[in-house]
Amino acid sequence: NFIAIDSLSYPDFKVNKNLDFHIAPQATKFYGEVINTANDAGITTRKSSGDKYHSSVDLFEAFASGNRGGIKYKLGRQTLGYGDNLILGTRDWTAGGLSYDAVKFTFSPGGESTVDLVYAQISQGTNVEVNDDEMLTILYYKVLTEENSSLDIYAFNNDNQANKTNIFNIGFRLKGKFNKLDYRSENIAQ
């Protein structure tokens, strides 16, 4: 009884060689589940193909992307995946993906290495009057990206204003192959 349309993408709309628009809806619901209405205090129930806070189809991704002066950018709802989705990922162990409302800049200082600078505001609930948002800032530097080895250095800052917590993480990941041996090391200080 599980119905999932996971990241059904429509063709990107290209404005010019420096600007694209991308839209991907997502429907991941249990069909026929009896749920409460959006008002938790209410006593009414309905059969729905969605959870109580969403319509039957969500906007999974909707962003503008482009390239200006060697700097790539994405602005809007998008997936973020770092460290093979182990450090930050799209929740691919479930039928529904995870996306962020973010702005992302990527540039290449030389060779195959890239630097990402990301800012996202994450809402923790549906009540817009409550100050429960978190500000997520990411600096991710892919220093080495060769066929048999890679080295990434990163810093994450998660600022939760409601709880007055500001968590800062810095780390690096080293991964590669040596003959038939695969190795990976994740090192994070918080």
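Visitor: Where is serine 108 found?

Guide: Serine 108 is found in strand S8, which covers residues 100–110, and please keep in mind that this is a predicted model.

Visitor: Is serine 108 buried, exposed or partly exposed?

Guide: Serine 108 has a relative accessible area of 42%, and because that value falls between the 20% limit for buried and the 50% limit for exposed, serine 108 is partly exposed.

Visitor: OK, and what does serine 108 touch, leaving out residues up to four places away in sequence?

Guide: With those residues left out, serine 108 touches Ser113 and Thr114.

Visitor: Which atom of serine 113 does the side chain of serine 108 reach?

Guide: The side chain of serine 108 reaches the backbone oxygen of serine 113, at a distance of 2.9 Å.

Visitor: How far is serine 108 from tyrosine 141, in sequence and in space?

Guide: The two residues are 33 residues apart in sequence, and their C-alpha atoms are 9.4 Å apart in space.

Visitor: And tyrosine 141 itself, which strand is that in?

Guide: Tyrosine 141 is found in strand S10, and with a relative accessibility of 30% tyrosine 141 counts as partly exposed.

Visitor: Which residues make the nonpolar surface patch with Tyr141?

Guide: The patch has an area of about 690 Å² and is made by Tyr141, Val143, Ile153, Phe172, Leu174, Phe178, Leu181 and Tyr183.

Visitor: Which strands supply at least two residues of the nonpolar patch each?

Guide: Those strands are S10 (134–145), S12 (165–178) and S13 (181–189), and the largest share, three residues, comes from S12.

Visitor: Changing topic, how many aromatic pairs does the count come to?

Guide: The count comes to three aromatic pairs. In one of them, the rings of tyrosine 82 and tyrosine 140 have their centres 4.7 Å apart and their planes at 40 degrees, so the pair is tilted.

Visitor: What parts does the pair of tyrosine 82 and tyrosine 140 tie together?

Guide: Tyrosine 82 lies in the loop between strand S7 (71–78) and S8, whereas tyrosine 140 lies in strand S10, so the pair ties together parts that are 58 residues apart in sequence.

Visitor: Are tyrosine 82 and tyrosine 140 buried or exposed?

Guide: Tyrosine 82 is buried, with a relative accessible area of 3%, and tyrosine 140 is buried as well, with a relative accessible area of 1%.

Visitor: What about tyrosine 154 and phenylalanine 156, what kind of aromatic pair do they form?

Guide: Tyrosine 154 and phenylalanine 156 form an edge-to-face pair, 5.7 Å centre to centre with 85 degrees between the planes, and both residues are buried.

Visitor: Which residues form the aromatic cluster?

Guide: Tyr82, Tyr140, Tyr154 and Phe156 form one aromatic cluster.

Notes. Residues numbered from 1 in each chain as written. Predicted model: local features only at pLDDT ≥ 70, side-chain atom pairs only at ≥ 80, totals over all residues. Heavy atoms only, no water. Helix = DSSP H or I, 4+ residues; strand = E, 2+ residues; numbered from the N terminus. Buried < 20%, exposed > 50% of the residue type's maximum accessible area, 1.4 Å probe, protein only. Contact = heavy atoms within 4.5 Å. Polar contact = N/O pair within 3.5 Å; in protein donor to acceptor, adjacent residues only side chain to side chain. Patch = residues over 30% accessible without salt bridge, like charges linked within 9 Å, V, L, I, M, F, W, Y side chains within 5 Å. Areas by Shrake-Rupley, 256 points an atom, 1.4 Å probe, with all protein chains shown as cover. Salt bridge = Lys/Arg side-chain N within 4 Å of Asp/Glu carboxyl O. Phe/Tyr/Trp six-rings, centres within 6.5 Å; stacked < 30°, edge-to-face > 60°.
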